[in-house]
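I opened this notebook to keep track of what I looked up. The entries follow the order in which I went through them.

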Amino acid sequence: MALAGLDNNDLKLIIFGGKGGVGKTSCAIATALALADQFNTLLISTDPAHSVSDCLGQQIGFKVTKVDGTLKLWAIEVVADEALSGFKAEHQTELKKLLETSTNLDKDDIDDLLTLSIPGIDEVMSFKTIIDFIEEGGYEKYVVDTAPTGHALRLIASSKLLDEWIKVAARMRWKYRYMITSFSGSYQQDEVDTLLLSLKKTVKRIETILKDTTQCEFIPVCIPEAMVIMETGRLLTDLGKSEIIAQQIIVNNVMTSGGCDYCQRRKAGQLPYLKAIRKLFGKLNKIEVPMFAEEIKGLEALHKLKSFLFSEEQLANSIT
Ligand SMILES: Nc1ncnc2c1ncn2[C@@H]1O[C@H](COP(=O)(O)OP(=O)(O)OP(=O)(O)O)[C@@H](O)[C@H]1O
Ligand SMILES: [Mg+2]
């Protein structure tokens, strides 16, 4: 089977996830290449390892860069630290005022506090960057490559975390607002309230797009191995808890050649796992990709991968 429905005009955001080393980056880039035949496409890597540059054989980095040899494909590797520094620089005044007006901290303490790293901030900043791109609307498709399982889940849960922070900040503000109102009789919304409201809108936007299957699709990638199948099952369950239901799954590294003794044994060894995938993920559209002799590096290899992802032909030992 082939990856289906990604050319639907309403579908904006396509997120690839799965266990480490199963082929997420390769599949995300190959899919972005396919979409870029038709649509202006932005490939966004949220993986701190930034393997998109390595896989493409072109330096990308934290700025939108045209992918060489393509007409409609751009890529960016989000550096969460830099996204956070940018956010702090842009909203320094509001963040300081929030702490000045609702804590007893002095200026030095506030400066120190603002330099501390907060758990989960990387994913919040990464997802905010993605949502900001979608809001700007410069592209028709946004393909996201994530780091292994836990990262994808944290990325998806990041809106909840941001929402918690906003609630804490709003509670801190409530006391301040109460005092101002008591002393002066009225309260004017200030720049801190404006920032909190705008962040609240970001949370809403993230939640709305993630849960909307017409706008967003999560594509898990797995390989026929016991541990990977178990982790993929947990990933799908956890996604389901956030109301994100995958519709198709890529089964990568399928052994097709039974030529030599080694290949025959590997192919036979995969069979029970291919059956397990069929049983466990029976409802999903399965796209099988063979194990290539060489690693997937550079445009030529990625185009070859693309042809398998989007081909209706089935592999000889197909599980579907
Ligand atoms: N079908 C395949 N045949 C041969 N090699 C493959 C195949 N798919 C991926 N690879 C190779 O496997 C390695 C891991 O692939 P990739 O980087 O796409 O995985 P990943 O899931 O993104 O890994 P990570 O979790 O580290 O981000 C790479 O060297 C890639 O070239
Ligand atoms: Mg990767």
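This is a predicted model: local features need pLDDT of at least 70, side-chain atom pairs count only at pLDDT 80 or more; totals for chains, interfaces and linings use all residues.

Entry 1, ligand surroundings. I found 19 residues around ligand 1. Lys 24, Thr 25, Ser 26, Asn 252 and Ile 296 are the closest of them.

I looked up the atom pairs next. Lys 24 places a polar side-chain atom 2.6 Å from an oxygen atom of ligand 1. Gly 23 uses a backbone N or O atom, which lies 3.0 Å from an oxygen atom of the ligand. For Pro 290 I noted a backbone N or O atom as well, 3.0 Å from a nitrogen atom of ligand 1.

On its own, ligand 1 has 630 Å² of accessible area, and the protein covers 78% of that. I then checked the pocket list: ligand 1 sits in the second largest pocket. Helix H1 (24-35), strand S7 (248-254) and strand S8 (285-290) are the elements that each give two or more residues to the shell around the ligand. H1 gives the most, with three residues.

I turned to Thr 129, which I located in helix H6 (residues 121-136). Is Thr 129 buried or exposed? Its relative accessibility is 14%, and the cut-off for buried is under 20%, so I put Thr 129 down as buried. Its side chain reaches the backbone oxygen of Met 125 at 2.6 Å. Setting aside neighbours within four places in sequence, I listed Phe 62, Val 78 and Ala 83 as the contacts of Thr 129.

Terms used: Residues are numbered from 1 along each chain as its sequence is written. Chains are lettered from A and ligands numbered from 1 in the order in which they are written. Side-chain values use heavy atoms; hydrogens and water are left out. Helices (H or I, at least four residues) and strands (E, at least two) are DSSP runs, numbered from the N terminus. Buried means under 20% relative accessible area, exposed over 50%, partly exposed in between (1.4 Å probe, protein chains only). A polar contact is a pair of N or O atoms within 3.5 Å; within protein, one must be able to donate a hydrogen and the other to accept it, and residues adjacent in sequence count only if both atoms are side-chain atoms. Contact means heavy atoms within 4.5 Å. A residue is near a molecule or strand if one of its heavy atoms lies within 4 Å of it. Accessible areas come from the Shrake-Rupley method with a 1.4 Å probe; for residues, only the protein chains shown count as cover. On a 1 Å grid over the protein atoms alone, a cavity is a set of points where a 1.4 Å probe fits but cannot get out, and a pocket is an open set with protein on both sides within 12 Å along at least five of seven lines; lining residues have an atom within 4 Å of a point. A molecule sits in a cavity or pocket if more than half of its atoms lie within 2 Å of its grid points.
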